[in-house]
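Please keep the sequence and the 3D view at hand while reading.

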Amino acid sequence: LLYLGIFFLLVVIFLFKETQHQKNLMAMKLKPMINNYYNLLTNKMYLNYCLVSTFSYGALFSVYALSPLFILQKFGFGLLTFGVLIALNSIAIILTALIIPRLSKRVGLDRILLVGASIISLGGMSMWLSNQFLINSIYTFMIPMFVTTLGVGMIRPTASGGAMSVIPSSIAGSAAAGFSFTSFIGGAFSTLFAAVFIHQINTLGIFIIVFGLSACMIIAKVLIKNINNADLTLLT
């Protein structure tokens with residue numbers, strides 16, 4: 001990680017150019033920063049998109065945090081196999097990165113978010129049911145893990161786009177920072193909780209279901225609100 005950090009630092013310094021030609025001299029002043037984040041915290045639509053991303057990261061981080069416990073210790077696989085399995089699981093992120101930009105133009109951001117949250121719930125449900133009522137195996141862990149990662153991959157860029165679409169461009173930098181901050185905070189606390197209290201795969205499945213359904217409820221509320229606003233616009 002240190003070597004990668006140094007490499008990308010050099011890439012940014014020597015290959016990237018500043019795109020902001022008119023610098024905002026007030027950007028680093030304390031009062032404007034506080035006002036920016038106050039405006040973000042009072043924007044309910046922005047917070048909804050942040051929460052959806054937070055729940056998705058909670059599911060993803062908890063699965064990845066506990067994967068060594070199950071793959072290495074419970075099932076007895078080696079480190080090389082563990083690395084291969086995690087790398088294969090990342091295909092879910094690659095697939096969504098290729099598909100979602102095309103789908104978002106046809107389907108809309110909010111519907112994709114609802115599908116992504118439902119897929120996370122499905123991943124958690126399959127993990128819980130298969131390990132609760134069937135035999136514990138690498139397949140009953142990795143396949144639901146892949147499904148969950150697929151749902152998270154659908155949510156992350158889509159929720160970011162939704163959050164940025166409901167705020168003024170003048171505070172876009174603060175909005176992007178706030179969005180990432182809440183997402184990783186959710187991932188951090190869920191990881192801590194999972195590491196302390198979750199020791200079985202079926203329990204992890206229930207944990208993922210809670211995150212998935214929470215994201216579903218939030219985005220369903222956003223969809224209903226957008227439909228109502230559209231109806232009012234048509235009436236007027």
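## A buried threonine and its surroundings

Thr158 is buried, with a relative accessible area of 2%, where buried means under 20% relative accessible area, exposed means over 50%, and partly exposed lies in between, judged with a 1.4 Å probe and protein chains only. The model is a predicted one, in which local features need pLDDT of at least 70 and side-chain atom pairs count only at pLDDT 80 or more, while totals for chains, interfaces and linings use all residues. Residues are numbered from 1 along each chain as its sequence is written, and side-chain values use heavy atoms, with hydrogens and water left out.

Thr158 belongs to helix H7; helices (H or I, at least four residues) and strands (E, at least two) are DSSP runs, numbered from the N terminus. When neighbours within four places in sequence are left aside, Thr158 is in contact with Ile100, Leu109, Ile112 and Leu113, a contact being heavy atoms within 4.5 Å.

## The chain as a whole

The secondary structure of the protein chain consists of nine helices and zero strands, and along the sequence this reads as α-α-α-α-α-α-α-α-α. Its C-alpha atoms fill a box of roughly 60 × 55 × 35 Å along the principal axes. Of the 236 residues in the protein chain, 38% are buried. Among contacts between residues at least 6 apart in sequence, 83% join residues at least 24 apart. The chain exposes about 14,300 Å², of which carbon and sulfur atoms supply 73%; accessible areas come from the Shrake-Rupley method with a 1.4 Å probe, and for residues only the protein chains shown count as cover.

| Pair | Separation in sequence | C-alpha to C-alpha distance |
|---|---|---|
| Phe141 and Ile198 | 57 residues | 14 Å |
| Ala92 and Met145 | 53 residues | 9.8 Å |
| Thr158 and Arg111 | 47 residues | 9.8 Å |

## The nonpolar core

Which residues of the largest nonpolar core touch the most other members? They are Tyr46, Ile71, Phe141 and Leu204, in a core of 43 residues; such a core is a set of buried Ala, Val, Leu, Ile, Met, Phe, Trp, Tyr and Cys residues joined through side-chain atoms within 4.5 Å. Two or more residues of this core come from each of helix H3 (44-74), helix H4 (79-89), helix H6 (109-133), H7, helix H8 (172-197) and helix H9 (201-235). The most is given by H3, with eleven residues.

Phe141 is placed in helix H7, which spans residues 138-165, and is buried, with a relative accessible area of 0%. Not counting residues up to four places away in sequence, Phe141 touches Val63, Ser67, Phe70, Ile71, Phe75, Met127, Ile201 and Leu204.

## Further buried positions

Ser62 sits in helix H3 and is buried, with a relative accessible area of 0%. A polar atom of the Ser62 side chain lies 2.9 Å from the backbone oxygen of Ala59. Beyond residues up to four places away in sequence, Ser62 touches Ser190, Thr191, Ala194, Leu204 and Phe207.

Ala92 is part of helix H5 (residues 91-107) and is buried, with a relative accessible area of 0%. Apart from neighbours within four places in sequence, Ala92 is in contact with Phe146, Thr149 and Leu150.

Asn43, by contrast, is found in the loop between helix H2 (30-41) and H3. Is Asn43 buried or exposed? Asn43 is buried, with a relative accessible area of 18%. The side chain of Asn43 reaches the backbone nitrogen of Met45 at 3.2 Å, and, not counting residues up to four places away in sequence, Asn43 touches Val166 and Ile167.

## A nonpolar patch on the surface

Leu2, Tyr3, Ile6, Leu9, Leu10, Val12, Ile13, Phe14, Leu15 and Phe16 form a nonpolar patch on the surface, and together they have about 1,200 Å² of accessible area. Among them, Tyr3 lies in helix H1 (residues 2-15) and is exposed, with a relative accessible area of 71%. Patches are made of residues with over 30% relative accessible area and no salt bridge, with like charges joined within 9 Å and nonpolar side chains (Val, Leu, Ile, Met, Phe, Trp, Tyr) within 5 Å; a salt bridge is a side-chain nitrogen of Lys or Arg within 4 Å of a carboxyl oxygen of Asp or Glu.

Conventions: Polar contact = N/O pair within 3.5 Å; in protein donor to acceptor, adjacent residues only side chain to side chain.
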